[in-house]
Amino acid sequence: MAAAIALSRRGRGLSTPNPNVGCLIVRDGRVVGRGWTQKGGRPHAEAQALDQAMEQARDATAYVTLEPCFHLSPRGPRCADLLARAGVARVVIALRDPDPRTNGQGAAWLRDRGVAVEMGLLADEAAAAMAGFVLRQTLGRPHLTLKLGLSLDGRIALANGSSRWITGPHARAHAHLERARHDAILVGGGTLRADAPRLDVRLPGLEDRAPRRLLLTRGPAPGNWERIGAPEEIATLDRVDHLLVEGGAGAAAAFLRANLIDRLLLYRAPILIGDGLAGIGDIGLGDLAQAHGRWRLTDGRTLGVDKLEVYERVRNA
């Protein structure tokens with residue numbers, strides 16, 4: 001299942017509006033088929049894996065990160081039906097599908113046709129890999145990541161606004177990989193005016209995965225940009241399940257004040273700037289006690305001379 005979850009991450013930022021699902025088909029201890037949801041949502045992971053396995057799928061075990069879809073669609077067959085007709089003996093599911101069109105029905109369909117079904121293996125890990133889809137189904141909005149490139153003293157630029165470059169090439173390459181895993185990137189008007197960012201993906205082989213560009217502004221957005229007037233409007237975005245907020249301090253603060261940031265990417269360079277521009281503006285804290293217990297460190301690594309820290313929002317705090 002861990003391998004299926006790893007496969008599912010390949011579709012993140014590409015599969016929307018469908019979830020980025022991963023699937024492995026195993027027979028006699030050997031992987032005979034694998035798949036992940038493709039660009040635009042089709043083919044589904046199960047269909048791709050079954051096409052690889054062919055007749056070897058009979059009596060095999062399928063490991064799927066999300067309950068196989070049950071609802072009818074003009075875009076393709078139901079995956080629950082595909083698995084049953086292929087003759088798989090067992091389906092191991094990580095996460096029950098929160099979409100009411102499937103929720104429990106895909107598993108029931110398989111059981112009614114004599115397929116052994118297990119559900120719940122590595123469910124939390126699968127939900128994290130498909131966080132955008134899960135939040136869209138449960139809260140009606142995309143999953144939001146805030147990315148900040150900071151000096152050791154929390155600055156994103158010199159006092160005159162110069163910010164190229166705070167971090168080194170390894171950290172910037174990792175940030176481009178993160179861009180490729182999101183459906184859209186958002187910046188504020190100040191960042192657009194100061195930096196004129198391209199917000200593309202400049203990694204060999206991933207250039208075509210540049211996300212949509214969003215601008216948080218009260219005024220109109222320039223050509224090839226989409227306007228967001230307030231953080232809460234992200235719920236109205238079509239085909240955006242994973243949104244990356246890249247700057248600047250005002251936009252970061254606005255989404256933090258609205259309690260919409262789910263994940264933090266903090267790239268820290270081993271430099272001190274002093275009297276420069278702060279990474280985040282006022283987020284509305286009235287008591288220092290309110291700041292504690294909100295974020296949980298989930299990952300950390302060295303990228304060249306820089307450090308990356310990844311934090312997840314603790315929603316019950």
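**Cavity, cores and a covered helix**

A search of this whole predicted structure finds one cavity of 30 Å³ or more.

Student: What is the volume of the largest cavity?

Tutor: Rolling a probe the size of a water molecule over the atoms shows where empty space is left. For the largest cavity, this space has a volume of about 30 Å³.

Student: How many residues of the lining of the largest cavity are polar?

Tutor: The lining includes Gly 13, Ser 15, Thr 16, Phe 133, Asp 241 and His 242. Gly counts among the polar residues here. Besides two nonpolar residues and one charged residue, the number of polar residues in the lining is six.

Student: Is helix α2 mostly covered or mostly uncovered, and how many of its residues are buried?

Tutor: Helix α2 spans residues 45-53 and is mostly covered. The buried residues include Ala 45, Glu 46, Leu 50 and Ala 53, and their cover includes β1, β2, β3 and α3. Of the nine residues in α2, the number buried is seven.

Student: Which residue follows α2, and what is its phi?

Tutor: Directly after the helix, phi takes a positive value, near 55°. The residue with this phi is Met 54.

Student: Which residues touch the most other members of the largest nonpolar core?

Tutor: In soluble globular proteins, nonpolar side chains tend to be buried together. The largest nonpolar core here holds 43 residues. Another core, of 24 residues, lies apart from it and has Leu 148 and Ile 234 among its members. In the core of 43 residues, those touching the most other members are Ile 25, Val 91 and Leu 110.

Notes: Residues are numbered from 1 along each chain as its sequence is written. This is a predicted model: local features need pLDDT of at least 70, side-chain atom pairs count only at pLDDT 80 or more; totals for chains, interfaces and linings use all residues. Side-chain values use heavy atoms; hydrogens and water are left out. Buried means under 20% relative accessible area, exposed over 50%, partly exposed in between (1.4 Å probe, protein chains only). Helices (H or I, at least four residues) and strands (E, at least two) are DSSP runs, numbered from the N terminus. Contact means heavy atoms within 4.5 Å. On a 1 Å grid over the protein atoms alone, a cavity is a set of points where a 1.4 Å probe fits but cannot get out, and a pocket is an open set with protein on both sides within 12 Å along at least five of seven lines; lining residues have an atom within 4 Å of a point. Grid points are joined across faces, edges and corners, and a volume is the space filled by probe spheres set on the points. A nonpolar core is a set of buried Ala, Val, Leu, Ile, Met, Phe, Trp, Tyr and Cys residues joined through side-chain atoms within 4.5 Å.
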